[in-house]
Number of protein chains: 2
Amino acid sequence: MTEREHEGRGPGGPEGTDERPDERVLDPTNLDAARHEVRQRLLSLVEQRDDQGVRDLALSLSPGDLAEVVRPLDVDDTAAVLRNLPPDPLAYVLGEIDNRSLSALFDLLDLDAIADLIEEMPSDEGADLLGELDSRKVQEILAAMDEEERAEVSDLLRYPPESAGGIMDKEFVSCHEDQTCGEAVALLRAKDEDDLETTHFVFVVDDRGRLVGRLPLIHLLLADRDAPLRTVMEVDPLYVEVDLDQEEVAGFFMTHDLISLPVVDHQLRMVGRITADDIMDVLEEEATEDISRLAGVSVAEFGEQSAVRVARTRLPWLLGALLGQFGAVLVMRHFEQSLQTMVTLAFYIPVIMALAGNVGIQTSSVVVRGLATGELALFHVGRHVLREMATSLVIGLAVAVSLVGVSFLVNGNVYLSVVLGVSMLLVVLMASMVGTCTPLLLHRLGADPAVATGPFITTSNDLFGLAIYLGLATLMLSLGHGGAP
Amino acid sequence: MTEREHEGRGPGGPEGTDERPDERVLDPTNLDAARHEVRQRLLSLVEQRDDQGVRDLALSLSPGDLAEVVRPLDVDDTAAVLRNLPPDPLAYVLGEIDNRSLSALFDLLDLDAIADLIEEMPSDEGADLLGELDSRKVQEILAAMDEEERAEVSDLLRYPPESAGGIMDKEFVSCHEDQTCGEAVALLRAKDEDDLETTHFVFVVDDRGRLVGRLPLIHLLLADRDAPLRTVMEVDPLYVEVDLDQEEVAGFFMTHDLISLPVVDHQLRMVGRITADDIMDVLEEEATEDISRLAGVSVAEFGEQSAVRVARTRLPWLLGALLGQFGAVLVMRHFEQSLQTMVTLAFYIPVIMALAGNVGIQTSSVVVRGLATGELALFHVGRHVLREMATSLVIGLAVAVSLVGVSFLVNGNVYLSVVLGVSMLLVVLMASMVGTCTPLLLHRLGADPAVATGPFITTSNDLFGLAIYLGLATLMLSLGHGGAP
C-alpha cells in the first residue's frame, strides 16, 4: 500500500492533514460530462465559501483530473479553489493549468508557501512557472527555496523556453561508468520517491561528467550486481544539445521512438533530461501554433479572457487584410468603365475570389503541415511543386468547365462564360502556385512557413484573381462582345 | 557491448550477414540537410544498381533516420532500397513509412519473407501494415507466421484502427498478484530482448486475468525479491477500455502524464498496452486532421503522389464553394439595379467578403483547436461565446472606423462610407457568431467540429455579408443619397 490509499483522514481545517484520501479517476469514456459535473459542484461550494467542502472534493480527484476540472475556471474561482489545497496536488495542478491565474493565487500566499510549492514541482514546471513572474518576485522566491532545488530551478531559468534547455528537467539519475550495478541500485534507493516515479534509465557519465552511456532499468534489474556499469550500459546513447529548438527535439524524439532523452551542454556534459510528456506538450503547442498562424490568430489568445486583449491580437491581421483589399478597390476602379458597361461582370467577383481563396488555403496548409511533420522534406520540394502544378491543372479545368456551364445557364452570354472559364483556370493555377511557393520560400529563408501565410496568400490571390478576370473581361468588351450572343 | 556495436561485417551479398555495422545517428541540429545528403547518395546508388552499396549505406544509419531518409522517395525507389535490407531495420522502417509503398515492395518478396518481417515488427505496427493489404493476402501471410505472433497480430486486427485496441500492442509483461518479485524478474529474464526494450512496468492481474495493479521497474528493482507482487504493486492502476476513441485515449494519457497505459476488455481483463510513441503518432495525426479539415483538404493526400487522386479529394470542397457562390450571384442579381445606379458599390465587395472570411476563419479555428486540446470544455462554452461577442464588437468597431475613414478619402462619398462602416460592423458580428457557433453545434451533435467548418463558414459568411452590404446600400440609394454629398 502506498500512502495515497489511506482511507482515514483527520477532520481538521485546510491545514493540518497531509494524508490523501482515496482518489477517484474520472471515467475516460465520458470525460467532458464527468468533469463538468464535478466543476459545477466545485463552483457551488466556492460560492457557499465552504472551504472544507472544496478541499474534500478537490482531493477526491486524481491530480490530472483536478487540473482539467479547474482549467476553464476564471482567475478568481481558480484562486478560490487552489488556496484550499495542500502542496502535493497543488504543485501538480499549477504545472498543468494556464499560468494566467498565478498572480491572483500568489497574492493569497506568502513567500515561504510559494517556495514550498515550487520545490514540490518537477524542476522544469517550477522554472516555467517562475518564468511567468516578474524578476524581483522570482529573486524573492528563489531566496526562500532550499539550496538544491534553487540551484536546479535557477539553472533551468537560463535557457530560452522553446529550446531543449527550456523543456528539460533536472530529475535524472546519473552514475559514473566505473560504478557497479549494485552501487547504482543503492543510489536509486537513496533518492526521493517523487523523483523515482519518472525514472526509467540510469545515465552513465565519465570522469569529466560527459555522457557515455545509458542503462534501461530492465537491464539494471537483470544484470549482475557486481558488474561495472561500463560493461552493461548501452554505449553512444542518443542525446540533444541544450540549445536545440524544441520542434527539432520533438522530431528527433519521435524519429527514434524515445521515452527519455538526455540533454548535454557543448562539452557533452549531461545537464538535463527530456521526457515523453514534455514532447507531447510540444507537439500540442506546435500544432496549435500552426493552426493559429494559418488562421491569423495568436497563440496567446487561448485561455485569454479579456475581449479587448483578444481583439488586440487579432486586429493587426484584419487591418492588414483591409489594407490589402484597398488594392482590390484600386483594381476595380481601374476597370470601372467595363463594370459600368456590363454590371453582370460584378456578379462573378465573389466566385473568382472564393475559389482563389480556397485553393490558396488548401495548397498552403498542405505545405505548412507537410513541413511540420517532416512528410515534406525541404530538399525534396521539387516533386511536390510539380505535383501541385499537375493537381491545379486538373482542378482548374474541372472548376472552369463547371463554371462555364452554370454561368451560361444563368446569364446566357457565351462570351462572358468563356471569359469566366479561362479566368477561373488561370486563377486556380496562380493561387495554387502562390499557396505552395510562399510557405516554401519563407521556410527556406528561415522564417516560420505558417507566419502570415493565411491572410497574405488570401489577399494576394484576391488581387491577382480580380486583375486576371477583369482584364480578360475588358478585352472581351473591347472586341465588341458585351451583349447577348 | 550489445550486438549493434560489432565493427566487422562479412563482405557477402544481400543475404548471409546478419550483423549490424556501427550506426551513425544524423546530426539533429541540421537534420533536413543531413538527410537530404544521404538521400541523394542513396538514390545515385539505386540508379547504378549497386545493391551492396545501397545496403551498406542504409545499414550505416539508425533505423529511425533511415525511415526518414526513405520516406519522401517514390514507390519504385523505396522498393529498390528496401529489398536490399535484412529484416531487422526493414521491419522498423516499414512501421514508420507510408504504407503506400508496401504493395510494390511486397510484390518483390515471397510469403515467408513477408511473414518473417511482420514477426519482427512490434505487434501493433505489424497489424497496421496488414490492415493495408487485401484480406486474401492477409490470410496467406498470417498462415505463414509463427503461431504466437499470428495470434497476437490477428487479435489486434479485430479492432478499429482509431480505437484503443487499434493502437495498442501485445508486448506487455504481466504477472499474477501472488507471484513474488523474484518470479517476476525470472519471467523478464526469459523474455525476448526486443520486447524488453519497451518494458517499463510489470502489470499485475488476478486469477481471472483482471488488471489489479502495476509495478514500475524501479519498484521491482528496489523491492525484496521474496515479496509477493500484491504487496509492492501500485493498486487501482489507470487503464482504458479497448473501444475508446484514440483521441480520448491521447487526452487521458496526457492528463495523467503516462508513458505506458494498459488496455482492458469489458471484463477488465488486460488485452494490450499503449505506449508514449503511439500517443505521439495520434497527436500528430489528429492535428493534421484538424488542419486538413479547416483547409478543406483530405488527410489522404499527404504523401500521395498522383495529381489526379489529390485533385479528386480536393474538388468536392471547391465545387461546393463554387455552388455556394452562385448564391452570391443570385444575391447580386437581386441588387442589380443598385449596382447599375452606382457601380462604385461593387468596388467594396472584396473588402466586405475578405473581412467576413478572415473573421470566420479566426473564430472557427479558435473553437476547433480549443475543443481538440480541451482548453475549451464543451460544458463551459457559454463564457467563450460571450467573450467572442465582446471581442467581435471591439474588432467590428475598429475595422468599421478604419473603413469609413479610408473609403471617405478614396471616394469622398460620406453616405457610402457610412453604409460601408455599418455593414462592416454587422458583417464582423455575424461572421464571428457563425464562426464560433457552427463548430460548437457540430461538436454538440457528435460530429467532428472541423468537418466542413472552413468552406461552409466562408461561403455562408460571404452570402450574408453581401446581403447586408447591398441591402443597406440599396436603402441609402432609395433615400436619394447616391451621388456625392
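**A helix crossing in chain A**

Reply: In this predicted model, helix H8 (residues 123–131) of chain A and helix H10 (residues 147–157) of chain A have axes that come within 9 Å and cross at roughly 60°. The crossing in which H8(A) passes H10(A) is right-handed.

On the H8(A) side, the contact is made by Ser123(A), Asp124(A), Gly126(A), Ala127(A), Leu130(A) and Gly131(A). H10(A) supplies Glu152(A), Val153(A), Leu156(A) and Leu157(A). By class, the residues of this contact are 5 nonpolar, 3 polar and 2 charged.

Next, the nonpolar cores. The largest has 188 residues, and within this core Ile118(A) and Ile118(B) touch the most other members. Leaving aside residues up to four places away in sequence, Ile118(B) touches Gly126(B), Leu129(B), Leu130(B), Ile141(B), Met145(B) and Val153(B). There is also a second, separate core of 100 residues, and Val434(A), Ala473(A), Ala354(B) and Val404(B) are among its members.

Last, the contact between the chains. Chain A and chain B meet through 120 residues from chain B and 120 residues from chain A. On the chain B side, the largest share comes from helix H18 (residues 307–334) of chain B, with 17 residues. The side of chain B that touches chain A consists of 70 nonpolar, 29 polar and 21 charged residues.

Key. Residues are numbered from 1 along each chain as its sequence is written. Chains are lettered from A and ligands numbered from 1 in the order in which they are written. This is a predicted model: local features need pLDDT of at least 70, side-chain atom pairs count only at pLDDT 80 or more; totals for chains, interfaces and linings use all residues. Two residues are in contact if their C-beta atoms, placed from the backbone, lie within 7 Å. Helices (H or I, at least four residues) and strands (E, at least two) are DSSP runs, numbered from the N terminus. Ala, Val, Leu, Ile, Met, Phe, Trp, Tyr, Cys and Pro count as nonpolar, Asp, Glu, Lys and Arg as charged, and the others, Gly among them, as polar. A nonpolar core is a set of buried Ala, Val, Leu, Ile, Met, Phe, Trp, Tyr and Cys residues joined through C-beta atoms within 7 Å. A residue is buried if 20 or more other C-beta atoms lie within 10 Å of its own, exposed if 12 or fewer, and partly exposed in between; C-beta atoms are placed from the backbone. Axes are lines fitted to C-alpha atoms, for helices over the stretch in contact, and angles run from 0 to 180 degrees between N-to-C directions. A crossing is left-handed if the near helix is turned anticlockwise from the far one by less than a right angle, and right-handed if clockwise.
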